[in-house]
Structures are given as C-alpha cells and as structure tokens.
Amino acid sequence: MSINNQTLEKLAGLAMSGSSPSAGLPDAGLLRQWASQLFAAMPNQSASLEPVQYAPQLSGAGLPALPGVDSGALSALARRSFTNPNDIGLAPWPVPSAGSGESAAPVNYYFVSELAKHAADPSLAPAEFDVQRVRRDFPILQERVNGYPLAWLDNAATTQKPLAVIDRISEFYKHENSNIHRAAHELAARATDAYEHARDVVARFLNASSSNEIIFVRGSTEGINLVAKSWGKQNIGAGDEIVISWLEHHANIVPWQQLAAETGAVLRVIPVDDHGQVILAEFQKLLNPRTKLVSFTHVSNALGTITPAHEMIEMAHRAGARVLLDAAQSVSHIRVDVQSLNPDWLVFSGHKIFGPTGIGVVYGKFDLLEETQPWQGGGNMIEDVTFEHTRYQPAPAKFEAGTGNIADAVGLGAALEYLSGLGIERVAYYEHELLHYGTHVLQGIPGVRLIGTAPDKTSVLSFVLAGYSPLEVGTALNEAGIAVRAGHHCAQPILRRFGLESTVRPSLAFYNTYEEIDRLGGVIKRLQCQKRYF
C-alpha cells in the first residue's frame, strides 16, 4: 500500500518521541519500508469506521524493527489503533498554555512525557504488564451486560475485587471469625493477628514510620470527619481559617463547613485554572497566621488532576498550618509515601483500591494522634473506666471505638498485598498509557469536550458530548456493556467552575484494556453521528 508523506511524518514523530535526541531520524526509505511492514500486519479495515486494536499482531518479536529507534518507543506505538492507515494523527498532542493570552509553547500531557522518559531509558521502564493475566484474577470481569462483555470504567466510584481479596475474606469467616483483643481462646488470637497484620500491611504500603499511625475507619469520609470532630473541634476556634480547594469531593467540604459553623472559623478556597490545576500563587496568598488547617485532595475524583501535594504541604507547614491529604483517588494509581509527602493526616477508602466496602484508613503522625482526644466513646478504645473517670488506650486504639469491621480490614490488607505484588510503578505506567490512548480517542470525536486537561493527571476521562445529556450518554454506554459514572460525582463546585452540572466520567484501572476504550469511543462516535446526520 502507498504511504503518504504526512503519514511518514507522523510515524516518525511518534516513533522517535522516546528516542535519544542525538539519534536523528531514520532516512525516508527505511521509514517507508518499516511503515509498510507495520501496516501489513494490521487487519484490513478500509470499510470500517471503528478502530482496530492490533497490538496482539504487533507485540514482541512480531513488531518490525526500526534502526536507530528505541524498542520501547516502538512498543508504545504498537499499542495504538488507527481508523485509517493513511490518516494516523497520533503525534503527541498539545494542551493549551497555562495562562490565558500567553504565547508560551504548549506542553504535552504529563503522562506523555513520562512515557517518553521511560522509552528513552529502558532501564526506567517497568516489566511488561500482562493485562489479560491480571484480568483473570477478577471474576466479575467475566460478566456480560446486555449481551456484551462487561467493561468496568467506573473505577473512581469503586474498584472490582481480585480473588485474593474474595478468598481472604471467605477464609476469615471460615477459620478465624471472632471479636479481637483480650480473649483467651484460639479464634480470638487468630482474628487479632489477622487484623493487626492488615494494619502492618497498610503501614508498609504508605511507608508510615509505625503501625500505630494507622487507624481503621469506614472510609475516607469517616476519616475526614474523625479529624474534623476530634483535632479540629479541639484546636480550631473563632476567626481561625481552614483552606480547601475547588477540586474537593463533598466529603472534604461538608465536615469543614460544619466545623466552621460550629466554631466561627472561616473556610477559604484555593482557585483552579481552566485546566483544573490548583493555582499555587493564589494558594500562597490564602496562607497567613490564622490558617490552622489545609485539607485537599491528592487526585481529583471528577477531573483526574494530580495536585502538587508535596509543594502544597511544604507551603502550608511554613505557614504553621496542619495538613490533611485526601488520597482516596491516588493510592491505587501512584506511589503514596507519607514520609516523603509529610502530611499530618492522610485518608483513603478500601473499596477504591480493590478492597472491600465499609473499610478505610486514617494515617496520622503519632505525636499528633497522642495529643488528640477521641471523637467516639465505647468499648475497645478504653484502658480503664470508673463512673468518675475514663482512661483511653494509646493511639490508634483510642480512635477505634466498638467492634470494628474486622473481616474487611483483613480484606483490605489482602488488596494492598495484591497491588504491591503487581508493583505500583508498573500499574502507573500501564494506566498512563491507557489514559494517553483514551484521551486521544475522545478528543478525536467531534462534539466531545474533555473536562480536566491538567498536565499532571491520572485515571479520569471526564467529558460532555454536544447534543446529549451525560445521563443519555451513560445509558447508551450501558446498553453496550460499558459502565461509567454520569452525574456530578459528589464534586459539584468543581464542575460548576466549568459551567456544568454533570459529566460522563470513564475512569481507569490496571485491568482495563485498549479494546474497552475502543468500544467506548465507538459508542460515542455512533451517538455523535446520529445527532449530526439524523
């Protein structure tokens, strides 16, 4: 087949994106020969409007070599799909510059840059990620919906559970079920060991300095409320200021509104730019001696924006404020190290990281936990009670009143061990490739408006489609077996910042595939064509 010059130019740009700048482009003859071999391996799709996923035909030894180009860059190219071999359009795309009216050159998305970095230095790239093997660990992915294989693209709402988690919870109820601590019998010892092992697993996963810094709660929402109702109520008063951002989930807005209403404190909000990024200069202006607490998300559940957490925490600490980091949307996608990030508290939910519902974690610096009074009273958290006085257990036990969610804490430990076994860096690399690909697919469909184009982002592909409500799009996707969230995502302020009440939100995990994104794009294109031509 003939390969036109525009196609050669795009292929060259994509293939060389991860190669050494000093390597130089291959000559046109070599590139033309390589492109011909590449397209010869692709299925004939001249009559099809749908993209064809051809990575299986071009993986491993089947991928044509191109002298002078790093094999990692070619492997990335092999994971792309085309709607027309003579109209590739897959060179890395720009996003608008950060400031309105600026003439600065546009920059590539963060994840494109990360892929190029790894391709340029193969020693940095993780081992090949076998998504089909991983998918076999998740029995629910074998489900069919409306006659189609389930494509679970609602991971920001909740993630599916691997057999390792399902089996571990079943094993607990079969062989270990008991209340924990202080009993003399065998099953209590087993249950206590399992529960405290899970706490140790969480501490290692977050790189906490001690398991005593890990508190089990029902989820991120309860964790934020714990901090607000305990430390916040004890330390924040009239005229003090609490700083949050426009990106927050309702769970990181409402508890602080309630606390401000109760104490006379003032709630301040960090603005974001048109890409969904926190404006650090404006954040700095908000910090002052009255700032007692800064509480913000690590990753936006509505946009996927990764906030500059390390820098923001440092800025807050320099102002004398404490910091809570909401990591509900980050821990399953990127490395979260509390000793490096240095928040005072961090929260996340088990069901967003392949674990059970109804279990979550509060990390808190131990000296801070020790000086904070508990917010709930009852059994398990006391050392001694008289009618005149109660003496509490040390942290973390004093924050775990009553019988906890023992089995699901054990399940959360199993989920974190499973994810650690895969390797969070390998997961992040694979998901960034998926996000890159999904962004390309959606931005190529007329009428699609992507919401959240920060250079630093992960997992989320929020969008609206002209002529359709998000609910209509979500319903059409469900008819094709594709699960996405359509609504306000419990993040109404940030959507209203973009003039919207709701979006369609596909959100990714490591068990998603390029084929699922192709199916998503196919449905959206069909809707777009129906509105356009009928």
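Helices (H or I, at least four residues) and strands (E, at least two) are DSSP runs, numbered from the N terminus. The views below show a predicted model, in which local features need pLDDT of at least 70 and side-chain atom pairs count only at pLDDT 80 or more, whereas totals for chains, interfaces and linings use all residues. Residues are numbered from 1 along each chain as its sequence is written, and side-chain values use heavy atoms, with hydrogens and water left out.

**View 1. Arg497 in helix α17.** Arg497 belongs to helix α17, which covers residues 492-497. Its relative accessibility is 25%, so Arg497 counts as partly exposed; buried means under 20% relative accessible area, exposed over 50%, and partly exposed in between, with a 1.4 Å probe and protein chains only. Apart from neighbours within four places in sequence, Arg497 is in contact with Trp246, Val272, Asp273 and Asp274, where contact means heavy atoms within 4.5 Å. The Arg497 side chain reaches the backbone oxygen of Asp273 at 3.4 Å. Such a polar contact is a pair of N or O atoms within 3.5 Å; within protein, one must be able to donate a hydrogen and the other to accept it, and residues adjacent in sequence count only if both atoms are side-chain atoms. Arg497 and Leu247 are 250 residues apart in sequence, yet their C-alpha atoms are 9.5 Å apart in space.

**View 2. An open sheet of 7 strands.** The strands follow the order β8-β14-β13-β12-β11-β9-β10, and their pairing is mixed. Two strands pair if DSSP finds at least two bridges between them. At the edges stand β8 (214-217) and β10 (266-270); each has a single partner strand, so one side of each is left without a neighbour in the sheet. On average, neighbouring strands of this sheet are turned by 20° against each other, direction ignored. Strands of a sheet pair through backbone hydrogen bonds, either parallel or antiparallel. The pairing of β8 with β14 (residues 360-364) is antiparallel and extends over 4 bridges. Phe216 stands opposite Val361 in β14.

**View 3. Helices α7 and α8 against the sheet.** Helix α7 (residues 186-206) lies across β8, β13 (345-349) and β14, and runs at about 115° to β8. Helix α8 (residues 220-235) packs on the sheet and touches β8, β11 (291-297), β12 (322-326), β13 and β14. The direction of α8 makes about 155° with that of β13. For these angles, axes are lines fitted to C-alpha atoms, for helices over the stretch in contact, and the angles run from 0 to 180 degrees between N-to-C directions.

View 4. Lys365 is placed in the loop between β14 and α13 (366-371). With 18% relative accessibility, Lys365 counts as buried. Not counting residues up to four places away in sequence, Lys365 touches Glu213, His317, Asn342, Pro343 and Asp344. Thr307 is placed in the loop between β11 and α11 (309-318), and it is buried, with a relative accessible area of 5%. A polar atom of the Thr307 side chain lies 2.8 Å from the backbone oxygen of Thr297. Beyond its neighbours within four places in sequence, the contacts of Thr307 include Leu247, Val278, Phe296 and Met312.

View 5. Most residues other than glycine have a negative phi, and most peptide bonds are trans. The peptide bond from Ala395 to Pro396 is cis, with omega near 5°. Pro396 is in the loop between β16 (390-392) and α14 (406-422). Asn146, a residue other than glycine, has a positive phi near 55° and is in the loop between β5 (144-145) and β6 (148-149). Cys490 is not a glycine either, and its phi is positive at about 55°. Cys490 is found in the loop between β20 (485-487) and α17, and counts as partly exposed at 34% relative accessibility.

**View 6. Nonpolar cores.** A nonpolar core is a set of buried Ala, Val, Leu, Ile, Met, Phe, Trp, Tyr and Cys residues joined through side-chain atoms within 4.5 Å. The largest has 104 residues, and those with the most contacts inside it are Leu206, Phe348 and Phe510. A second, separate core of 24 residues includes Leu259, Leu293, Trp345 and Val362.
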